[in-house]
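Please open the model in a viewer and keep the selection panel at hand. The tour below moves from one selection to the next.

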Amino acid sequence: FYLLSVYNEPSSDDFKYAANSREYGALQRGAWMYFATSGRYAANVFLHCSPLAIGWLEGYKWLGVILLTALIGSFYYLLSPNLKGMPKASKALAVLAFVALFLFGLPSVCQGLFWFSGAYTYTTAIVLLNIFFGLLLRRRKFTLQEPRWDIGTVCSEVVLLAGGVLLLGLAFGCTEIAVIYTGIILLLLNAYVWFGLKRFDAVLFAVSLAGLAFAALAILAPGNFARSDTYELAKDAQRTLMLTPAYCVWFLGSFASVPLLVAMLLLAPRIGSASFRVSPAICQGWVRVLVVLLFFGLMALTFAFGIWATGNRPARRALNVLYWVQFLLLAIAFLQSATADAAWWSRVRGLLPVSNAALLAIGLGWLVLLGNPGRAWGDLFLRCPGYAKQIEARRSATAAARGGDAVVKPIDNKPLSIFFEDITHDPAYWQNVEMARYFGVQSIRLSDKDVNHPSRE
């Protein structure tokens with residue numbers, strides 16, 4: 001994925017935001033969007049601050065590197081306290097294994113890491129929320145091996161309060177879907193502390209109230225109501241109810257990797273058992289129901305609302321956030337199960353009639369050669385070199401047509417790991433108009449109709 005960044009190129013909304021930033025400024029345009037098109041008050045500004053806004057096309061290639069590094073670091077910050085007692089190198093490898101599994105089934109790598117307008121809206125929220133929950137669990141001295149919920153010193157509480165409010169404010173301003181999922185988790189956390197631990201955590205409650213205010217700021221924005229007017233609200237309830245289960249089954253394919261399937265099978269009989277030592281209050285049968293409801297309920301809610309609102313499934317970049325929530329449920333539950341039972345691996349290992357070297361080779365081979373990584377290798381070696389040449393030819397044609405009409409060839413054999421959408425043969429299509437505005441040409445179009453457009457949603 002790092003190597004793919006070398007070939008990453010802007011597309012679609014990237015040119016629109018960059019051209020608008022040049023003409024109006026990032027803050028002014030972000031404020032306009034809040035009232036006219038979108039309540040994502042943080043993302044509205046972020047999206048106008050890409051390297052394209054200052055004419056640095058090569059800088060676009062660094063965006064994937066920066067975001068992937070931030071994603072790995074945020075997962076480390078969140079998960080490493082739960083790997084207490086491991087050497088630093090082993091801890092880092094364990095977290096990288098979780099990140100590799102996460103990327104393996106991510107619904108859209110392109111929209112999650114490489115396409116700036118999608119990645120820096122949705123994946124930025126994931127990074128911020130990883131840090132937020134990591135900060136919360138660290139300041140409460142909460143680990144899976146030694147379950148506690150300690151209130152810290154005044155200085156520690158100030159850090160949690162200020163950091164929590166800042167992180168939630170930025171994350172909730174990136175995407176509404178993060179607001180919904182995080183709001184549910186915060187509600188459950190407050191309920192757990194109050195009813196399960198018989199305590200009142202004033203800082204957690206204050207941060208949650210601040211999150212509620214940010215949620216209102218994002219969801220009740222005038223721009224959201226203006227945008228919703230363009231939706232074709234599905235009036236056919238039967239259609240929504242019928243499509244939702246089908247899309248849920250389709251989405252479960254994201255978890256169809258051998259390591260995740262094995263983890264699910266191992267966890268199934270353990271969820272809600274006494275070995276989950278977080279607190280006696282959550283070692284009851286209702287935990288099993290709660291975990292299942294969170295996993296499947298959030299998925300059904302997401303698809304039902306998406307189908308009802310737009311008549312279609314949600315965009316893959318939004319599903320990346322849903323996948324993140326469910327992946328973390330599995331990851332943290334797996335860590336809890338493993339640390340609660342030191343002999344679990346010995347028992348599982350005895351069922352696998354292969355050597356350690358063969359087992360490692362199988363695991364690495366699965367992660368590297370299948371799923372999103374397998375497609376990434378194919379793109380990197382088979383499609384990206386030709387893609388880079390075609391992009392260079394387009395840039396030359398655009399430069400030669402400065403102030404006039406540019407005609408470029410369609411992209412052949414697109415590297416879908418990094419390629420989002422292309423312009424069309426119609427110069428009046430909105431993506432053509434925005435690209436022409438950015439490059440300073442009268443118009444731009446494809447020489448032939450691209451039968452594969454749009455390339456991917």
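In which helix is Ala397 found? Ala397 is found in helix 18, where helices (H or I, at least four residues) and strands (E, at least two) are DSSP runs, numbered from the N terminus. This is a predicted model, in which local features need pLDDT of at least 70 and side-chain atom pairs count only at pLDDT 80 or more, whereas totals for chains, interfaces and linings use all residues. Residues are numbered from 1 along each chain as its sequence is written, and side-chain values use heavy atoms, with hydrogens and water left out.

**Stop 1: Ala397**

Select Ala397, which is partly exposed, with a relative accessible area of 28%. Buried here means under 20% relative accessible area, exposed over 50%, and partly exposed in between (1.4 Å probe, protein chains only). Leaving aside neighbours within four places in sequence, Ala397 is in contact (heavy atoms within 4.5 Å) with Ala406, Val407 and Val408.

**Stop 2: the whole chain**

Display the protein chain as a cartoon; its secondary structure comes to 19 helices and two strands. Of its 457 residues, 50% are buried. Among the contacts with a separation of 6 or more, 77% are accounted for by residues 24 or more positions apart.

**Stop 3: the nonpolar cores**

A nonpolar core is a set of buried Ala, Val, Leu, Ile, Met, Phe, Trp, Tyr and Cys residues joined through side-chain atoms within 4.5 Å. Select Phe75, Phe102 and Trp324, the residues with the most contacts inside the largest nonpolar core, which has 80 residues. Helix 15 (residues 316–340) supplies the largest share of this core, 12 residues. Apart from this core lies another, of 27 residues, among them Trp115, Phe116, Ile423 and Leu446.

Now centre the view on Trp324. Not counting residues up to four places away in sequence, Trp324 touches Phe75, Phe102, Ile126, Leu129, Asn130 and Phe133.

**Stop 4: helices 4 and 5**

Select helix 4 (residues 61–79) and helix 5 (residues 88–105), which pack at an angle of about 120°, with their axes 10 Å apart. That angle makes helix 4 oblique to helix 5. Axes are lines fitted to C-alpha atoms, for helices over the stretch in contact, and angles run from 0 to 180 degrees between N-to-C directions. Angles under 35 degrees count as roughly parallel, over 145 as roughly antiparallel, 65 to 115 as roughly perpendicular and the rest as oblique.

Show the side chains of Leu68, Leu71, Ile72, Phe75, Tyr76 and Leu79 in helix 4, which make the contact with Lys91, Ala92, Val95, Leu96, Phe98, Val99, Phe102 and Leu103 of helix 5. By class, the residues of this contact divide into 13 nonpolar, no polar and one charged. Ala, Val, Leu, Ile, Met, Phe, Trp, Tyr, Cys and Pro count as nonpolar, Asp, Glu, Lys and Arg as charged, and the others, Gly among them, as polar.

**Stop 5: helices 7 and 8**

Move to helix 7 (residues 116–139) and helix 8 (residues 154–172), whose axes come within 9 Å and cross at roughly 160°. The two helices are therefore roughly antiparallel to each other. The residues of helix 7 that meet helix 8 include Leu128, Phe132 and Arg139, and those on the helix 8 side include Gly163, Gly164 and Leu167. This contact has 13 nonpolar, three polar and one charged residues.

**Stop 6: Val109**

Select Val109, in helix 6 (residues 109–114). Val109 is buried, with a relative accessible area of 4%. Its contacts, not counting residues up to four places away in sequence, are Phe1, Leu103, Phe114, Asn372 and Ser417.

Select helix 19 (residues 430–439): seven of its 10 residues are buried, so it is largely enclosed by the rest of the structure. The buried residues are Gln431, Asn432, Glu434, Met435, Ala436, Tyr438 and Phe439. They pack against helix 1 (13–24), helix 18 (371–400) and strand 2 (443–446). Just after helix 19, Gly440 takes a positive phi of about 75°.

Finish at Ser12, in the segment before helix 1. Ser12 is a residue other than glycine with a positive phi, near 50°, and is buried, with a relative accessible area of 4%.
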